[in-house]
Amino acid sequence: MICAFMPALSQQHGGLVISRLQLQPLLPLAAPPAALNHGQGRRPPSHGCRPKHRTYQLHPRAQVAAQAAATEVDVAVIGGGIIGLCVALELLSHASQLSVALMERQVPCSGATGAGQGYIWLAHRQPNSPGWAIAQRSKQLWESMIDAAGTPSKNGHRSKKLGRKADIEWQENGSMLLALTAQEGQDLQDRAAMLQQNGIKAAYHSQAAVMELEPALQLPPSGGALLVESDVQLSGRRAAEVLLARCHETAGSSGRFQAYMNAPVQDVQLSPQTGAVTAISTACRQLVTRKGVVLAAGAWSGHLLSTATGDDRWQEVFKPRRGHLLELQLPAGMPPLRHGLMEMGYTQHLHKSGPLEDTGADIAFTATPSASGTCLVGSAREFSGWDVNPSQSIQEGIMQRAAHFLPGLSNYGSASEGVRVGLRPYALGGLPFIGPVAEVPGLYLAAGHEGAGLTMAPGTAELVVQHLMQENTSLEQQHADAFSPTHRMHAALAGVT
């Protein structure tokens, strides 16, 4: 038996904090054992802070499953964020007899999924790159799950159908990438031409035209914006709820889907003869896996992999990258936002090379209207370990940056609807790892999406399930190979000692 670390659950949550400004301070993090101390060890903390948003209501079958131990399952999926949920639904929809167990150490949306803005964008991606390929495929899959949502299949089930657009707060607002300088403007004009050559309707607008399209926005005379009307956004929280419900509905009364919440995986058992995965264990049950295990545990994936494989380099590949996002009620008289907004500088913060150290927060302006009428304003990125407590200085920095673009926020003050803090699962090299782990037959990886989990989730699920079922991939082979854990490991660790 090989012990794979997954932090134990306490009465607090470690992946996400939804707090409110001007309320009582959050309780301090519970101190982990000395061997696991953030400053002394290499493992993530066992505790965090309970989110202050509404209580997540588990599907009735999930509550039943939490009390009934299962002994065998075809595939176990570790991680109940947007990636794990999409993988589970893809597996259940792929084969009518396949049994699936979803293992989540807390509840859905307690990690990065619940803390994001919900971008499903292509505007800032490089055409014909692996990231572009999987994001474009994912967008197609999102749209297919929405467009055909009301049409039952012949057996009466709605396989991989998510319901109405409103159910996941699907908003076709389009995106605007903002330029502040003439050079940035030229770069965006070049990008518009490149996107158009790849079938994406895109147009560059001057500062005066942008002000008409987005009255709340302020740009310098040298500024402008790239508008991509086909970009959309959705709510990660609502999507997670709907995906979990669809997993249960797809399985029906067969019992072939079980969701275990508040169930951190503690052990990954390997065959002494072949080294393949044979079972996983939590504190109260063991699951024997017949076909494999999909690891979609976000920022915690590196620690699980390191222990399961005996290769400490996995801990250098995956790191938590803390993010802050503010939810605001716009001041009276300020025009509502019509599009998703992102300054060009944001794209420069997405990827880092070299050692991952805490060098302070990178803050760049983003803003999106929510379906409820609030405004989501960000954003910050920082390598600061496993701390999920909101930072007042980062919140102030986000508001100061936002006021440069949205002057109506200049006198906003410190009150807001909420502060979302989550740990993005960063993978060294900037691309996720998707596919089989060569060292451990039967173990498949789907992690390292950083802030693009929602953007890439359906395509990731499709790709990892195609690997597991030994089928041809929907992506071009060169792009599928680019996400291979073996390929990514070699590329990411170049220069990592």
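**View 1. The side chain of S370 makes a polar contact with the side chain of T374, at 2.6 Å.** A polar contact is a pair of N or O atoms within 3.5 Å; within protein, one must be able to donate a hydrogen and the other to accept it, and residues adjacent in sequence count only if both atoms are side-chain atoms. The model is predicted: local features need pLDDT of at least 70 and side-chain atom pairs count only at pLDDT 80 or more, while totals for chains, interfaces and linings use all residues. Residues are numbered from 1 along each chain as its sequence is written, and side-chain values use heavy atoms, with hydrogens and water left out. S370 lies in the loop between strand 16 (362-369) and strand 17 (375-382); helices (H or I, at least four residues) and strands (E, at least two) are DSSP runs, numbered from the N terminus. S370 has a relative accessible area of 13% and is therefore buried. Buried means under 20% relative accessible area, exposed over 50%, and partly exposed in between (1.4 Å probe, protein chains only).

**View 2. R164 and D167 are joined by a salt bridge between their side chains.** The N to O distance is 3.0 Å. A salt bridge is a side-chain nitrogen of Lys or Arg within 4 Å of a carboxyl oxygen of Asp or Glu, and the structure holds 16 of them. D167 counts as buried, at 16% relative accessibility, whereas R164 is exposed at 59%.

**View 3. K165 and E172 form a salt bridge through their side chains.** Here the N to O distance is 2.8 Å. E172 is exposed, with 52% relative accessibility, and K165 is partly exposed, with a relative accessible area of 33%.

**View 4. A salt bridge connects E327 and R420.** The closest N and O atoms are 3.7 Å apart. E327 belongs to strand 14 (residues 318-328) and R420 to strand 18 (residues 418-427), so the pair ties together parts that are 93 residues apart in sequence. Both E327 and R420 are buried.

**View 5. E72, D74 and R290 are linked in a network of salt bridges.**

View 6. The structure has 0 disulfides, a disulfide being a pair of cysteine sulfur atoms within 2.5 Å.

**View 7. The largest nonpolar core has 53 residues.** The residues with the most contacts inside this core are W142, L162, F257 and V294. At least two core residues come from each of strand 3 (72-78), helix 2 (82-94), strand 4 (100-103), helix 3 (130-147), helix 6 (236-251), strand 10 (257-260), strand 20 (443-447) and helix 11 (453-468). Helix 2 gives the most, with 9 residues. A second, separate core has 38 residues, among them A101, V293, W300 and A447. A nonpolar core is a set of buried Ala, Val, Leu, Ile, Met, Phe, Trp, Tyr and Cys residues joined through side-chain atoms within 4.5 Å. In soluble globular proteins, nonpolar side chains tend to be buried together.

**View 8. W314, F318 and F433 are linked into a cluster by ring pairs.** Rings of Phe, Tyr and Trp (its six-membered ring) pair if their centres lie within 6.5 Å; planes under 30 degrees apart count as stacked, over 60 as edge-to-face and the rest as tilted. The structure holds 7 aromatic pairs. One of them is the stacked pair of W314 and F318, at 6.2 Å centre to centre and 20 degrees between the planes. W314 is buried at 1% relative accessibility, and F318 is buried with a relative accessible area of 3%. The ring centres of F318 and F433 are 5.0 Å apart and the planes stand at 55 degrees, so this pair is tilted. F318 lies in strand 14 and F433 in strand 19 (residues 433-436), so the pair ties together parts that are 115 residues apart in sequence. F433 is buried, at 0% relative accessibility.

**View 9. Arginines R105 and R488 lie over the rings of W300 and F433.** A charge sits over a ring if NZ of Lys or CZ of Arg is within 6 Å of the ring centre and within 35 degrees of the ring normal. R105 lies over the face of W300, at 3.8 Å from the ring centre. The charged end of R488 is 5.6 Å from the ring centre of F433.
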